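This briefing is intended for a reader who has the sequence and the coordinates at hand. Please consult both while reading the points below.

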Amino acid sequence: MSDRTAVQELRKGLWAENPLLVMVLGMCPALAVTTTMANGLGMGAAVIFVLTCSNVVISLLRKVIPSAVRIPAFIVVIASFVTMVDLVMEGFLPDLHRSLGVFIPLIVVNCIILARAEAFASKNSVWRSALDGLGMGVGFTLAITTLGAIRELLGNGTLLGVAVLGQGFQSHAALVMILPPGGFLTLGLLMAAMQARKGR
Amino acid sequence: MPKELRYVVVLTLIAGGSAGLLATVHEATRGPIAASRKARTIQALQAVLPEFDNVPTDERVVVGAADPAAPTESEANRLPVVYTARKGGRVAGGAVQVIHPRGYGGPVKVLVGLEGDPAGTVKVRGYRFLEHKETPGLGTKALEPPFATQFEGFEVPAGPLKVKKDGGTVDAITGATITSRVVAESIGEAARLFREHGGRGVLRAGGPAGGDAAAPASGGGAEPEPGPGAGGDHE
């Protein structure tokens, strides 16, 4: 596992092992908050922070934590960082905090973060774990931002809140794209496109 | 060291470290969080109130507060609040914070701005969500035209306000009936509370007789009751 270069460690999360589109982890926030592109970006930023920090701390503690109690130890570390993000976001970015709502606290149970702690950070050096967390976080962000952009564009005719498809489209926007089925549809098509490219 | 003890020690240390870190962050963000909540309320008040020259946040009634003359901040946060706006001493309108328990994503805290006299006709000026977990881009359409504009200048009748689906008069948003219902019912409730408490400042706050729903909890807050346990304060 450690014969990758640092760049490869960082890049694997972006494409080949993309947490959302290839490993299919973190579905709950990916489907629930991606009604707008801004939500995708905000959620992604929170996940990048939590994932990188928890990977670093768990890697630092990997020789101290007995394997029998590793899961509760990981969860405590992850929950602490998530709570920090929640508090800081409410204090300094109240609008974003309001629109992401309950999905910030729910990062605690996001499978990506526990999966990286268990499968990577608990077995690798601090430096590699940080790169892994950053890469996976950015990969997740790219995927949910794309998802959010497509849904916002088709469902509301806007991108980042700016009207791009004109009034005529907006009054007949495909409401279904904002609703849960639109999330599944978009995600499925994105995953299919990803598979098609990889299979070539 | 036996391994069970090691488990306990390691977990305790990790939990303790986390607690310390969180306490620090909580301490550092408490000010900004309180400020941003307060700023949101003041901003929302200015947006929904008619022109005023008093300080509406000073002239408020927290409906159902244990001590109506001095409600605590936590009560003002979770109970209905009626703010009165005055122009030249006369009541020009008010804003009412209503907590609707059944939004799509949990309770919704709505601030409804009203114009008029508590004893006369009451018109809606606008409304804001102070706290909510409605679906972004869908439930939140309840804050945008054309849904929001149907309430501008709307004369609120006495009695509850309902959406058409519930046999009322308000057009709901397609796909967001629940949030539409929250808005309609909150406006009806706000008008009711304003008619009851509007223009009565902190000093004359409604008291136990005021809010009928909250009365049992707040009854007896001010007057000593002639009961077995109430006579002890003379000694």
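The model is predicted. Chain A has nine helices and two strands, whereas in chain B an open sheet of five strands is found. The contact between the two chains takes 29 residues from chain A and 25 residues from chain B.

**Chain A**

- From the N terminus on, the elements of chain A follow the order α-α-α-α-α-α-α-β-β-α-α.
- The radius of gyration of chain A is 18 Å, which agrees with the value near 16 Å that a compact globule of 200 residues would have.
- The C-alpha trace of chain A spans about 60 × 45 × 25 Å along its principal axes.
- Of the 200 residues in chain A, 44% are buried.
- Among contacts in chain A between residues at least 6 apart in sequence, 76% join residues at least 24 apart.

**Contact between chains A and B**

- The contact draws on 29 residues of chain A and 25 residues of chain B.
- On the side of chain A that touches chain B, the elements giving two or more residues are α4 (70–92), α5 (94–100) and α7 (126–156) of chain A.
- The most is given by α4(A), with 12 residues on that side of chain A.
- By class, the side of chain A that touches chain B has 18 nonpolar, 10 polar and one charged residues.

**The sheet of chain B and its helices**

- The open sheet has the strand order β1-β2-β3-β4-β5 (chain B), and its pairing is antiparallel.
- Because β1 and β5 of chain B each have a single partner strand, they stand at the edges, and one side of each is left without a neighbour in the sheet.
- The twist from one strand to the next averages 20°.
- Seven bridges join β2(B) and β3(B) in the antiparallel sense, and T84(B) stands opposite G94(B) in β3(B).
- Helix α1(B) lies across β2, β3, β4 and β5 of chain B and runs at about 160° to β5(B).
- Helix α3(B) lies across β1, β2, β3, β4 and β5 of chain B and runs at about 140° to β3(B).

**Nonpolar cores**

- The largest nonpolar core has 46 residues, of which A95(B), V96(B), V110(B), V112(B), L114(B), I187(B) and A190(B) touch the most other members.
- At least two residues of this core come from each of α1 (3–48), β1 (60–62), β2 (81–87), β3 (90–103), β4 (106–116), β5 (122–131) and α3 (177–197) of chain B.
- With eight residues, α3(B) gives the most to this core.
- Leaving aside neighbours within four places in sequence, A95(B) is in contact with L45(B), V48(B), L49(B), P56(B), Y83(B), L111(B), V112(B), G113(B) and L114(B).
- A second, separate core of 38 residues includes A46(A), V50(A), V85(A) and I14(B).
- In soluble globular proteins, nonpolar side chains tend to be buried together.

**S180(B)**

- S180(B) lies in helix α3 of chain B.
- S180(B) counts as buried because it has 22 C-beta neighbours inside 10 Å, the threshold being 20 or more.
- Leaving aside neighbours within four places in sequence, S180(B) is in contact with A142(B), F147(B), V163(B), V170(B), A172(B) and I173(B).
- From C-alpha to C-alpha, S180(B) and A34(B) are 29 Å apart in space, and they are 146 residues apart in sequence.

Methods: Residues are numbered from 1 along each chain as its sequence is written. Chains are lettered from A and ligands numbered from 1 in the order in which they are written. This is a predicted model: local features need pLDDT of at least 70, side-chain atom pairs count only at pLDDT 80 or more; totals for chains, interfaces and linings use all residues. A nonpolar core is a set of buried Ala, Val, Leu, Ile, Met, Phe, Trp, Tyr and Cys residues joined through C-beta atoms within 7 Å. A residue is buried if 20 or more other C-beta atoms lie within 10 Å of its own, exposed if 12 or fewer, and partly exposed in between; C-beta atoms are placed from the backbone. Helices (H or I, at least four residues) and strands (E, at least two) are DSSP runs, numbered from the N terminus. Two residues are in contact if their C-beta atoms, placed from the backbone, lie within 7 Å. The radius of gyration is taken over C-alpha atoms; the globule rule is 2.2 Å times the number of residues to the power 0.38. Two strands pair if DSSP finds at least two bridges between them. Axes are lines fitted to C-alpha atoms, for helices over the stretch in contact, and angles run from 0 to 180 degrees between N-to-C directions. Ala, Val, Leu, Ile, Met, Phe, Trp, Tyr, Cys and Pro count as nonpolar, Asp, Glu, Lys and Arg as charged, and the others, Gly among them, as polar.
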